Amino acid sequence: MENSGDGEGAFYRRRRSIRLPHYDYAQRGVYFITLCVQHRRSLFGDVIDGSMVLNNLGEIVATEWRRTSEIRPNIVVDEFVVMPHHLHGLIVMEPLRRGVSHTPGGEFRSPAQTVGAIVRGFKGSTTRLINELQGTPGVMLWQRNYYEHIVRHDRELQRIREYIANNPAQWALDRENPEEGVYQYAPTDGIEEIFGGIRP
């Protein structure tokens, strides 16, 4: 999220954090995460007849998202979808269980357990793997920031799960769909309300 300023340079320099101040993003909870590709480039496949068909890059993204729960045993990957230029996913953070992960240097360390650390790790691994595949070292894959929402109750959780599951079927109505050029939202998804008036 960015604040407008006195010119394009200021617009991109002054970014407003969408994290809640003083909130412990390592505590138990359910988090709705949305990540967008840099410049909203459609890299991960196509929506065909209301279903998302992943290409090889999209398969990398899906595989790495699933691996989140292998890397961090206190994380459960819930409903998620990889779309042509973004990912929506729910993660469940359980109470921290002390554990270690093995690093290539032979040292043991406990991986960081905050939502921000999870997103950074996921972005880093997918960017590295995709850049290696395409021979594009150093190219940014994801937008710098990301959207997150702390799920407050079961009814909201179910609503978000339905939104994620229906995302491919609603793609034809999504204003971010570059193939359509029709600037309208899916009429009943209610995602702006969940994100406080913002549509990720």
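Reader: In this predicted model, what is the length of the polar contact that joins the side chains of H86 and H88?

Author: The model is a predicted one, and distances in it are computed from its atoms. H86 has its place in strand 5, which covers residues 86–93. The side chains of H86 and H88 are joined by a polar contact, and its length is 3.3 Å.

Reader: Is H86 buried or exposed?

Author: Leaving aside residues up to four places away in sequence, H86 touches L35, C36, V37, V81, N167 and W171. Buried means a relative accessible area under 20%. The relative accessibility of H86 is 5%, so H86 counts as buried.

Reader: What is the order of the strands in the open sheet of four strands?

Author: The pairing in this open sheet is antiparallel, and its four strands follow the order 4-5-1-8. The edge strands, each of which pairs on one side only, are strand 4 (75–82) and strand 8 (147–150). From one strand to the next the twist averages 15 degrees.

Reader: Which residue is the bridge partner of F32 in strand 5?

Author: Strands of a sheet pair through backbone hydrogen bonds, in either a parallel or an antiparallel way. Here strand 1, made of residues 29–36, pairs with strand 5 in the antiparallel sense over eight bridges. Within strand 5, the bridge partner of F32 is L90.

Reader: At about what angle does helix 5 run to strand 5?

Author: Helix 5 covers residues 154–166 and holds I160, a residue that is buried with a relative accessible area of 0%. I160 and L90 are 70 residues apart in sequence, yet their C-alpha atoms are 8.3 Å apart in space. Helix 5 lies across strand 1, strand 4, strand 5 and strand 8, and to strand 5 it runs at about 150 degrees.

Reader: Which residue in strand 8 does Y31 stand opposite?

Author: Strand 1 and strand 8 pair in the antiparallel sense, over four bridges. From strand 8, Y147 and H149 point one way while E148 and I150 point the other way, and all of these are buried. The residue in strand 8 that stands opposite Y31 is I150.

Reader: Why is the pair of W65 and F122 described as it is, from the distance of the centres and the planes of the rings?

Author: A search of the whole structure finds four aromatic pairs. In one of them, that of W65 and F122, the ring centres are 5.0 Å apart. W65 lies in helix 2 and F122 in helix 4 (residues 115–134), so the pair ties together parts that are 57 residues apart in sequence. Because the planes of the two rings stand at 85 degrees, and over 60 counts as edge-to-face, the pair of W65 and F122 is edge-to-face.

Reader: Which residues form one aromatic cluster?

Author: Both W65 and F122 are buried. The rings of F122 and W142 have their centres 5.7 Å apart and their planes at 45 degrees, so this pair is tilted. With F122 in helix 4 and W142 in the loop between helix 4 and strand 8, the pair ties together parts that are 20 residues apart in sequence. The residues that form one aromatic cluster are F44, W65, F122 and W142.

How values were computed: Residues are numbered from 1 along each chain as its sequence is written. This is a predicted model: local features need pLDDT of at least 70, side-chain atom pairs count only at pLDDT 80 or more; totals for chains, interfaces and linings use all residues. Side-chain values use heavy atoms; hydrogens and water are left out. Helices (H or I, at least four residues) and strands (E, at least two) are DSSP runs, numbered from the N terminus. Buried means under 20% relative accessible area, exposed over 50%, partly exposed in between (1.4 Å probe, protein chains only). A polar contact is a pair of N or O atoms within 3.5 Å; within protein, one must be able to donate a hydrogen and the other to accept it, and residues adjacent in sequence count only if both atoms are side-chain atoms. Contact means heavy atoms within 4.5 Å. Two strands pair if DSSP finds at least two bridges between them. Axes are lines fitted to C-alpha atoms, for helices over the stretch in contact, and angles run from 0 to 180 degrees between N-to-C directions. Rings of Phe, Tyr and Trp (its six-membered ring) pair if their centres lie within 6.5 Å; planes under 30 degrees apart count as stacked, over 60 as edge-to-face and the rest as tilted.
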